[in-house]
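Trainee: I have a structure open and some questions ready. Can we go through them one by one?

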Amino acid sequence: MSKKILSISKKASSHKTLTGYIRKQPIGAIEEYILTQNGLRVLFLHRPDTGVITTNITYFVGARDEARGETGIAHMLEHMLFKPTAFDIQHKIKEGSAMHFERMTGSILNANTWKDRTTYYFSYPKEYFSEALRIEADRMKNVILTDAVLLPEQGNVLSEFDMYNGDPHFALAVQMYSTAFLSHPYGHETIGYREDIEDYTAKKLQHYYQTYYRPDNAILMIVGDIERDTALTAVREQFGTIENSTAVIKRHAVREPKQEGVRHTTVARPSTTNIVAIGIKHSGFPQKEWFNTSIALEVLAGGPESILYKLLVDTGKAAQVGVSIEPTSETNLALIDVTLAPNQSHQSIETEVLTTISHLNSKTIDHLVKKAKARMITSELFGRTESLHIVAELTEYASANALESYDKTPELLATITTKDVLQTIVESFKNSNLTIGYFIGTKR
Amino acid sequence: MEQNITRNDHYSLATQSNANSAVVLAYITVDTHRENSITDQALQHLYPDALLAGAGKFSREAFLNAVNLLGADIAVGITDGRLTLTLQATSAAFPKLLPLVQIMLTTPTFSATELERITLNVRNDLHIKQEQSATIAREQLRNSFYKASDRRYTASDKEINAALETIDTTALHTFHTYVLSAPWSCSIAADESAITQFKKMITRSKNTIENSATVKAHEQKTAAQAVHLKQIPSKANIDFSIGIPLPITIHHPDYVPVTFALGVLGIPGFAGRLMSTVRHKEGLTYSIYAYAETFSGHEHGYARIMTFFTPEKTIQGLTATFREIKKFYEKGISQSEFETFQTIFQTRQTLLQDSLLKQLGDLHAFNQNGFSIEEMKHFKQQLGTITRLQVNAAIKTYFNPSCFTISGAGPIHNIEKEIREFASSVT
């Protein structure tokens, strides 16, 4: 399957040693290397004849590394990586090289932060490869973080927070996570709490920057129209001189206390929207159990054939049902979201949903499981037609420390049975695994 | 990878041939715009779901089951009167998907029971739309530009709810006959075998009888009130659509200079002037972009700036936005800006090569607007051959800040007076 989707460069399939690198076992058509000078991991995939290269660097730091009072700092730091470095100041590039690059070339440039990682990507015509690498290498260590530079960007992040927080679904999800997790840092949203965002200082950010932004805590991906040796030589030249901090990155293993019974939370705001959300804890990605849960959620609320769509949307009790599950490395909370139709009771909808789920059996879900698997495979194939999707997917496998599973997903899906999915549903919807939330729209 | 567009009296077919492709993506678009009556608009809400709700011997459940077992997807939607079917499947599944599509198109059931269900769903959708402030701001803006018979005009939720009552299965069948008779724009990215099969399916499904329904072209209003506001107290931000109608089609010589100019002002990303100033320098919003919308081969379009501000920052935000529009209008763009944006637009074209979805979307847009492949290439080349003088002339012709309309939706109550005063001072 991967041969049809991904281009295999004949040169790349040879085991020719490249100076300065250790070559690891390939992941399908994707080659993996480690830069010996500093431990930077590099993934390479050749996609010829597009004229385009996508470079993506992921740092293994995210919301789960944040202490109380500093929630959202990984995300704030992501914003600051677009600010000027010492090089930029010396060369009078006022807006910083990354912004300057995007503004001068029209390339795609962005970043995102999640629970386990922060990732930065460029997608551009191949002639800009050297400059893109230079910028990425430079900002790994050299962004100037001062309170003066921080202040306006803090305003932008607060604006972003307000944008999300105004959405009833987001506001309820924030409460759901903090209710589900008493101790684990997955309990706070990646953007953090507004109060914490307001309290950031450059000093706090500097600490995170120095601790986590280093070659041996990163993976660089190059996907596109460039020969392997050219790409890796350039990476060695740009990144090879960057040293790692001597500090050890502390990964706090947090064991979430056992949940005893259903947890509840409510958000009440003036609104015409009403929502019932049901949260279920699930295993980390990309374990088989994670995929079982993913398929279970599709069976329950993934489109017009799903159980809850027929139960609630087709009958007019709900305007929408939706699901979300994140590819996090540790146990997290997946959500089923029901937007109520007018004059529906939160309690009645909750009861109806849980009762229906409790009565499911293999016969009722068998055909839905088959279809969910088929759609996931098609979706995977479509994703691999674009380099930005490829790096986004690789990022999640890398941050779960499971790159070797990347090309095994279709095989894994094929092994999942209806019995597996039913078992997951039974376990997931036990009271000790449930968090229930209501968004109640009140009159102003 | 080769692109091709062929046309006859009944349909056009754009193809992008990818040998050994693992997936197939295809579009069929039909312009269903007639008079944009409230009944038409209500029908457009109902029809997409109704088309997927059973055909031939298939009940809705059986039909969806058949499609989903293939791992495929058929999406149906209507935007601005244009119906689009999107087909996605693996190359292996696509030949099995096509007969289902053909049955759906040639013998849809449109049962009364399903119509009842769909009507209830549409009512619920209209209910949750009440707080979609960005959508409401955009609709208000467009309603201020266009008369009720124009495809861009949206009737009120109350009017559409009332019209839903009047629609029966006969109306759906009549609408469907119109869909089969109107010209189709079809596009596909696949291997040659899939392309051949797709073409056969189109010729088997398409009704070759000419339709005779009245079609109303764009009908712009005379400019009137320059500010439209709607109070939505539950929102944290006020969503704005700030725009101006532009009396040109895509074939007008000013179209490319206009879209170039709008790119300089607010291209999505970080390069536009509005993002550089209103967001980055002044920290007044998270995003602010400018778009050229709804232009076609035979209809005019409009320019729209989309953004949001907190109530506390609204007047500052609007002031900054109009300051930039004014500067843009009075001084135009500099030579270095012009050269930079030529590079940016060239890059955007290059980046299409990396995405199957974007490539076919781009090809389909040209297909719908009547272009041949040569005309498409020539059109794209214009971005490299237009001059700064042409762009600045277009800015002077079309972007007078005093002619812009401000539309906002959100918690406007406490600052409505200030917004109206501000609007009076600039428009």
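Mentor: Start with a term: contact means heavy atoms within 4.5 Å. Keep in mind that this is a predicted model.

Trainee: Which elements do the buried residues of α2(A) pack against?

Mentor: Buried means under 20% relative accessible area. In α2(A), the buried residues include Ile73(A), Leu77(A) and Met80(A). They pack against β5 (108-113), β6 (118-125), α6 (147-165) and α9 (202-212) of chain A, together with α10 (273-281) of chain B.

Trainee: How many residues of helix α2 of chain A are buried?

Mentor: The helix covers residues 73-80 of chain A. It is largely enclosed by the rest of the structure, because the buried residues number eight of the eight.

Trainee: Is Thr418(A) buried or exposed?

Mentor: Thr418(A) lies in helix α17 (residues 418-428) of chain A. Leaving out residues up to four places away in sequence, Thr418(A) touches Ser362(A), Ile365(A), Asp366(A) and Val369(A). The cut-off for buried is under 20%. Thr418(A) has 12% relative accessibility, so Thr418(A) counts as buried.

Trainee: Which side chain makes a polar contact with the side chain of Thr418(A)?

Mentor: Look among the residues that Thr418(A) touches, which include Ser362(A) and Asp366(A). The side-chain contact has a distance of 2.5 Å, and the partner is Asp366(A).

Trainee: How are α1(B) and α6(B) oriented to each other?

Mentor: Helix α1 (residues 38-51) and helix α6 (residues 157-164) of chain B pack with their axes 9 Å apart, at an angle of about 80 degrees. Among the residues in contact are His45(B) and Leu46(B) of α1(B), and Ile160(B) and Ala163(B) of α6(B). By class, this contact has six nonpolar, three polar and one charged residues. The angle therefore makes the two helices roughly perpendicular.

Trainee: How are α4(B) and α6(B) oriented?

Mentor: Helix α4 (residues 112-128) of chain B packs with α6(B) at about 175 degrees, with the axes 11 Å apart. Val122(B) and Leu126(B) are among the α4(B) residues that meet α6(B), where Ile160(B) and Leu164(B) are among the partners. Four nonpolar, two polar and two charged residues make up the contact. Angles over 145 degrees count as roughly antiparallel. So α4(B) and α6(B) are roughly antiparallel.

Trainee: Now chain A: which strands stand at the edges of the five-stranded sheet?

Mentor: The sheet is open, with mixed pairing and the order β8-β12-β9-β11-β10. An edge strand here has a single partner strand, so one side of it is left without a neighbour in the sheet. The edge strands of chain A are β8 (263-270) and β10 (318-324).

Trainee: What is the bridge partner of Gly279(A) in β12(A)?

Mentor: Strands β9 (residues 275-282) and β12 (residues 434-442) of chain A run antiparallel. Six bridges join them. Gly279(A) has as its partner Thr435(A).

Trainee: Which helix of chain A packs on the sheet, touching β9, β10 and β11?

Mentor: The helix direction makes about 170 degrees with that of β10(A). The helix spans residues 288-301 and is α11.

Trainee: Last one: which residue in the turn between β6(B) and β7(B) has a positive phi?

Mentor: Seven bridges join β6(B) to β7 (residues 82-90) of chain B, and the two run antiparallel. They form a hairpin with two residues between them. In β7(B), Arg82(B) is the bridge partner of Thr79(B). The turn residue with a phi of about 50 degrees is Asp80(B).

Technical notes. Residues numbered from 1 in each chain as written. Chains lettered and ligands numbered in written order. Predicted model: local features only at pLDDT ≥ 70, side-chain atom pairs only at ≥ 80, totals over all residues. Heavy atoms only, no water. Axes fitted to C-alpha atoms, helices over the stretch in contact; angles between N-to-C directions. Helix = DSSP H or I, 4+ residues; strand = E, 2+ residues; numbered from the N terminus. Parallel < 35°, antiparallel > 145°, perpendicular 65-115°, else oblique. Nonpolar A, V, L, I, M, F, W, Y, C, P; charged D, E, K, R; others polar. Buried < 20%, exposed > 50% of the residue type's maximum accessible area, 1.4 Å probe, protein only. Polar contact = N/O pair within 3.5 Å; in protein donor to acceptor, adjacent residues only side chain to side chain. Pairing = 2+ DSSP bridges.
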